[in-house]
Amino acid sequence: MKKYLLLALFGAFLLPSISFQQTLRTIKSPGNISTITVGLNKSGEIFYKISYRGKTAVNWSRLGLTTKGLDLSKGFRLRDATASKHDSSWKPVWGEVDNIRDNYTELEYGLENEAGHRMTLRFKAYDEGVGFRYELPEQPGLQTIQVTDELSEFQMTGDHTAWWIPGDFDSNEHVYSTSAISAIDCTPYNKEHAIFTQHIVKMKNVQTPIAMRAASGLHIALAEAGLADFGALHLETDTENLKFKAFLIPSPDSTIKSTNTLPFHSPWRAVLLSKDAAGILESKLILNLNEPSKIEDPSWIKPQKYVGIWWEMHVGKASWEYLDAEGKPNGRHGATTENTKRYIDFAAKYGFDGVLVEGWNVGWEGWFGQWKDEVFDFAKPYPDYDIDALSRYAREKGVRLIMHHETSSAVTSYERQMDEAYAFMKKHNMNTVKTGYVGKIIPRGEWHDGQWMNNHYLRVAERTAQNKIMVNMHEAVRPSGLHRTWPNWLACEAARGQEFNAWSAGNPPEHECILPFTRILGGPMDYTPGIFEVRMNSYNPEKTEVVHTTVAKQLALYVTLYSPLQMAADLPENYEKRLDVFQFIRDVPVDWSDTRVLNAEIGDYITLARREKGSEDWFLGSITDENPRSFSIKLDFLPAGKTYEATIYSDGKGAHWKDNPYPVDIVKRQVKRGDQFTINLAAGGGCAIAIKQQ
Ligand code: NOJ
Ligand code: CA
């Protein structure tokens with residue numbers, strides 16, 4: 001690490017006369033692509049600006065914190081500023097690539113106010129964007145702060161097109177809106193979601209990550225990295241001045257956003273920058289801003305594909321609960337010993353690692369929306385679920401049961417039961433748990449995205465890691481790259497997943513073309529793709545819901561929606577009817593050595609090619625929104641001199657998500673580096689290709 005000193009100490013006596021120019025410090029990213037300039041105005045307020053490829057990307061914007069009884073937003077003088085260069089690489093335990101370069105220029109901008117309180121702003125300039133955070137070192141007379149506001153602003157340079165979801169404190173399961181910044185308005189969402197959430201209190205608040213495209217073609221995503229011990233970062237939109245300002249999800253005392261002990265640092269604020277949409281997908285900025293893994297020996301952590309007793313409840317074929325309203329067995333319970341055996345057999349036969357079983361434990365009768373502390377018991381199966389026999393059976397078949405802990409957001413109850421629940425899992429040879437946080441949080445007054453819950457999710461990641469358990473969290477805060485630090489935290493839902501297609505207006509065809517530019521920037525999503533029977537009236541003639549997709553697109557999602565944990569979400573009987581199509585789901589891996597973005601536009605289409613970890617086989621996924629498209633694909637990512645067999649799964653003749661979602665054409669052909677061919681995607685369609693070395 002090479003360090004160079006930009007500025008020596010300033011004396012306190014300089015403060016009244018210090019000029020903006022004297023405090024200005026600039027760092028450039030290693031390839032001179034991103035530039036950050038920081039400075040103080042005459043009132044000692046902090047401002048920064050970001051340029052990208054010589055043009056302003058974020059114009060002068062305010063920084064600072066306010067805390068109860070202590071204003072850390074003005075009256076500062078520059079104490080010292082140090083810049084340094086860093087260049088290293090690291091290997092993720094699992095991921096989209098097997099090696100990540102961490103190459104940046106850092107600026108430590110040390111401030112002191114008239115009362116002698118010190119705060120440092122740490123900036124990192126990468127070629128692919130910028131990160132910054134607030135740091136308060138240990139200092140006399142200041143042990144604890146109660147943060148009342150974060151003043152960080154992001155002054156945009158135009159009325160960019162933005163892809164956003166509303167700043168709901170309690171849920172990220174929203175449809176994305178596409179609008180100009182000046183048109184951001186959450187009022188329609190508030191009406192739509194009135195039953196679930198009364199919490200979209202600010203009509204112009206949006207969640208991070210938010211993706212934007214400027215008229216110049218510059219692409220920007222505003223995000224957060226390393227969210228710990230703080231409220232999640234949402235943004236207040238100033239629709240007149242085209243500016244965003246940090247909005248931290250509060251604690252139950254709505255005037256306090258978080259309470260922290262010194263030494264303290266905030267999570268990182270990340271500005272991803274790229275000349276095209278593909279660069280946003282390729283960015284490793286959020287991961288690089290996170291801390292290295294805390295798990296010394298990660299050999300027990302395994303990316304996995306799973307099936308489960310899950311979709312049959314969402315489509316209304318079976319129930320989570322065991323008893324009817326009269327307290328008698330309802331005859332529709334999904335998690336029975338027999339049904340679970342059927343899934344274990346299916347998983348073993350077709351090569352899946354795990355079987356998720358929901359509704360296995362007592363408590364599901366009338367569980368929804370109770371806001372009660374004791375709803376579920378995580379060590380007590382229903383009488384028709386013989387967990388001892390099933391864990392033995394699964395072990396014999398070389399499959400693992402995946403545990404389900406729906407907490408119903410009775411989080412204090414879950415914390416009390418955690419040790420016992422994880423011991424129960426270990427006893428039954430289970431090493432993966434899916435947690436869930438449906439409903440309003442207990443402790444009452446806390447929000448899903450607030451400081452207390454963010455600490456809870458991390459406690460779960462840490463406690464499961466201590467028990468060598470992998471975790472998949474539903475209804476948790478959206479990820480911010482913490483899976484680098486806790487690689488046992490395989491995935492989160494934390495967005496509107498497949499389930500919505502079973503019982504609501506569902507996800508529009510463009511949804512999966514937006515997720516990778518927004519929600520998935522922070523970490524993998526348990527989206528649960530792979531639905532072959534896309535019409536819900538096949539289960540119940542009265543149902544009108546459909547998955548807004550063709551079947552070929554469901555295959556492509558395994559490549560385009562990155563996750564080390566992927567479900568084959570449909571029912572075994574639906575797969576057994578189409579084993580030729582199902583073959584792609586069996587073949588597609590969940591861990592990769594390399595990823596190439598062949599084309600992408602936010603909300604329109606994405607085509608990716610990925611190489612399986614430790615193999616020469618490639619998999620290609622291409623998806624589109626509601627518009628049909630044709631792409632010419634050039635196989636220039638394959639190494640020269642090798643021959644491959646490509647199995648191409650494309651939308652069949654006349655396919656359309658609405659009228660004709662089912663046809664899939666399967667064609668095999670010999671291919672090599674440099675070959676070029678056209679793929680045709682139907683409206684709401686996709687194409688998946690397995691390219692295996694011969
Ligand atoms: C919501 C989750 O997202 C879903 O996967 C689960 O089946 C239900 N909650 C019940 O826990
Ligand atoms: Ca959910």
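Two rings of Phe, Tyr or Trp count as a pair here if their centres lie within 6.5 Å, with the six-membered ring standing in for Trp. By that rule, ring pairs join Trp-320, Trp-364, Trp-367, Phe-368, Phe-376, Phe-378, Tyr-414 and Tyr-422 into a cluster. Keep in mind that this is a predicted model.

**Aromatic pairs**

- The structure has 34 aromatic pairs.
- Take Trp-320 and Trp-364, two members of the cluster: their ring centres sit 5.8 Å apart with the planes at 15°, and since planes under 30 degrees apart count as stacked, this pair is stacked.
- Trp-320 belongs to the loop between helix H5 (311–314) and helix H6 (337–350), while Trp-364 belongs to the loop between strand E25 (354–357) and helix H7 (387–397), so their pairing ties together parts 44 residues apart in sequence.
- Both of these Trp residues fall under the 20% cut-off for buried: Trp-320 has a relative accessible area of 18%, and Trp-364 has 2%.
- Phe-500 and Trp-503 make another pair, this one tilted, at 4.7 Å centre to centre and 45° between the planes.
- That pair sits within helix H10 (residues 500–503), where Phe-500 and Trp-503 are three residues apart, about one turn of the helix.
- As a general point, an α-helix has 3.6 residues a turn, so residues three or four places apart point the same way.
- Phe-500 is buried at 6% relative accessibility, whereas Trp-503 is partly exposed at 35%.

**Around ligand 1**

- Ligand 1 is surrounded by 13 residues, and the closest are Glu-358, Glu-406, Lys-434, His-474 and Glu-475.
- Sorted by type, that shell comes out as six charged, four nonpolar and three polar residues.
- On its own, ligand 1 would expose 290 Å², and the protein buries 95% of that.

**Helix H14**

- Val-581, Phe-582, Phe-584 and Ile-585 are buried in helix H14, which runs over residues 579–587.
- These four cover an arc of only 140° around the axis, so they lie on the same side of H14.

Note on methods:
Residues are numbered from 1 along each chain as its sequence is written. Chains are lettered from A and ligands numbered from 1 in the order in which they are written. This is a predicted model: local features need pLDDT of at least 70, side-chain atom pairs count only at pLDDT 80 or more; totals for chains, interfaces and linings use all residues. Side-chain values use heavy atoms; hydrogens and water are left out. Buried means under 20% relative accessible area, exposed over 50%, partly exposed in between (1.4 Å probe, protein chains only). Helices (H or I, at least four residues) and strands (E, at least two) are DSSP runs, numbered from the N terminus. The arc is that of the directions from the helix axis to the C-beta atoms. A residue is near a molecule or strand if one of its heavy atoms lies within 4 Å of it. Accessible areas come from the Shrake-Rupley method with a 1.4 Å probe; for residues, only the protein chains shown count as cover. Ala, Val, Leu, Ile, Met, Phe, Trp, Tyr, Cys and Pro count as nonpolar, Asp, Glu, Lys and Arg as charged, and the others, Gly among them, as polar. Rings of Phe, Tyr and Trp (its six-membered ring) pair if their centres lie within 6.5 Å; planes under 30 degrees apart count as stacked, over 60 as edge-to-face and the rest as tilted.
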